[in-house]
Amino acid sequence: MKDLRLIFWETTRACNLECPHCRASAEKRRSRDELTTQEAKRFIDSAASFSKPILVFSGGEALVREDIYELIRYATNAGLKSTLASNASLITLDIAKRLKESGIKVVAVSVYGSSANAHDAFCGQKGAFEKSLAGIENIKAAGMGLQINTTITKRNLSELEAIGQFALAQGAASYHIFFLVPVGRGKAIEGDEITPQEYEDAFNRLYDFKAKAPLHIKPTCAPHYYRVIRQRDANARECAPQKTHNSANVGESAFHEMTKGCLAGQGVCFVSSKGEVFGCGYLPVKAGDLRNQDFKTIWFESELFKALRDDTKLEGRCGVCEFKKVCGGCRARAYSTTGDYLQEEPYCVYTPLKREAVY
């Protein structure tokens with residue numbers, strides 16, 4: 001797959017919060033190493049020259065960049081689909097209106113608990129939940145769509161469904177769940193990472209929640225979820241053959257037909273605040289550098305991306321798994337555990353049929 005569908009751009013590492021799980025190890029002040037306005041525009045022009053992906057303006061907290069509205073407008077005028085990832089605590093009604101006028105259609109807001117106590121304890125700042133709630137109200141008042149993001153660790157695993165219910169109550173269209181990969185500040189809370197069996201249980205809980213909730217649900221850094229939905233769909237067909245329930249065709253969610261598990265370097269990439277290009281924000285293996293290379297060249301010619309697009313290179317259980325074309329294993333978690341991004345997904349409990357035959 002070479003079709004570029006989604007770019008996560010870490011516009012800055014600066015942030016008004018200091019969440020302990022932060023992938024970016026966010027800081028209070030902006031760095032002089034950040035892409036300048038003109039460098040950012042060259043990157044946007046290059047992306048728009050061959051694709052029209054969603055461009056996620058992320059951070060840190062993107063709203064601390066003074067030129068953020070100019071850059072959003074520039075990307076929108078170039079034909080990219082501009083979205084914002086934010087903690088929302090800085091989004092006043094005036095800022096929300098400026099974002100809408102600049103071209104933002106959807107804002108993804110990070111929420112880590114369904115209550116003030118749970119959220120504030122997770123992100124390390126008292127009062128953060130109320131500020132984010134106020135921002136959410138302003139987002140909706142300005143007429144932008146809402147997505148709720150969360151990061152799941154042992155500390156909030158029990159709230160998986162409750163945060164989803166919060167998303168529903170807020171009128172969100174989507175609920176995206178990020179499963180912790182210990183990079184950045186997240187390395188300090190590796191002990192909070194859930195176990196392989198807890199992953200499996202969480203995926204089944206999400207499948208059941210999805211069946212009851214009119215909400216688009218997408219786990220991230222959890223490619224084996226796409227194995228679970230196919231197994232569950234197959235079981236549902238066996239138990240109720242008269243019902244059409246087949247995600248491999250049009251069933252449970254058309255979205256599952258459109259995507260697969262790990263898209264790092266395939267349909268997705270990550271651009272750091274300094275212009276470094278990676279497969280995703282959790283895989284610290286560089287594909288290229290925008291200060292030395294054109295983005296289009298990196299996307300099509302990077303050796304890293306070529307390897308990530310070739311599932312015949314996968315090792316271990318992932319290499320022989322019958323679900324590898326819909327899952328592929330988390331390349332970032334494989335790298336974090338083994339130092340080799342092509343190794344098997346270490347947090348998957350499934351034994352492939354071919355591996356069983358060997359034993």
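This is a predicted model: local features need pLDDT of at least 70, side-chain atom pairs count only at pLDDT 80 or more; totals for chains, interfaces and linings use all residues.
Me: Which residues of α6 are buried, and why are they said to line one face?

Reply: Helix α6 spans residues 160–169, and its buried residues are Leu160, Ile163, Gly164, Phe166 and Ala167. Viewed along the axis of α6, these residues stay within an arc of 155 degrees, so they are said to line one face of the helix. That set packs against α5, β5 (145–152), β6 and α7 (196–212).

Me: What makes Asn138 count as buried, and where is Asn138 found?

Reply: Asn138 is in helix α5, residues 128–141. The cut-off for buried is under 20% relative accessible area. Asn138 has 18%, so Asn138 is called buried. Beyond its neighbours within four places in sequence, Asn138 is in contact with Ile91, Thr92, Leu93 and Ala96.

Me: Is Lys274 buried, exposed or partly exposed, and why?

Reply: Partly exposed, because its relative accessible area is 36%, and that term covers values between the limits of under 20% for buried and over 50% for exposed. Lys274 sits in the loop between β8 (268–271) and β9 (276–278).

Me: What does Lys274 touch once its neighbours within four places in sequence are left aside?

Reply: Lys274 is in contact with Asp33, Leu35, Asp289 and Arg291. As for Leu290, 16 residues along the chain from Lys274, the two C-alpha atoms are 8.3 Å apart.

Me: How do you know that β8 and β9 are paired, and in which sense?

Reply: At least two bridges are needed for two strands to count as paired. β8 and β9 have two bridges, in the antiparallel sense.

Me: Which strand pairs with β8 in the parallel sense, and over how many bridges?

Reply: Strand β1 does, over four bridges. Ile7 has Cys269 in β8 as its bridge partner.

Me: What makes both faces of β8 count as covered?

Reply: In a regular strand, side chains alternate between the two faces of the sheet. In β8, Val268 and Phe270 lie on one side and Cys269 and Val271 on the other, and all of them are buried.

Me: Why are the buried residues of α2 placed on the same side?

Reply: In α2, residues 68–77, the buried residues are Ile68, Tyr69, Leu71, Ile72 and Ala75. Their arc around the axis is only 165 degrees, so they are on the same side of α2. Among the elements that cover them are β1 (6–10), α1 (37–48), β2 (54–58), β3 (81–86) and α3 (93–102). Just after α2 comes Gly79, with a positive phi of about 100 degrees.

Me: What makes strand β7 mostly covered?

Reply: Four of the five residues in β7 (216–220) are buried. β7 also pairs with β6 (174–179) in the parallel sense, over five bridges, and Phe178 stands opposite Thr220 in β7.

Me: Why is His224 called buried, and where is His224 found?

Reply: His224 has 0% relative accessibility, so His224 counts as buried. His224 lies in the loop between β7 and α8 (225–239).

Me: What share of the protein is buried, and how many helices and strands does the protein have?

Reply: Of the 359 residues, 57% are buried. There are 14 helices and ten strands. Of the contacts between residues at least 6 apart in sequence, 71% join residues at least 24 apart.

Technical notes:
Residues are numbered from 1 along each chain as its sequence is written. Side-chain values use heavy atoms; hydrogens and water are left out. Buried means under 20% relative accessible area, exposed over 50%, partly exposed in between (1.4 Å probe, protein chains only). Contact means heavy atoms within 4.5 Å. The arc is that of the directions from the helix axis to the C-beta atoms.
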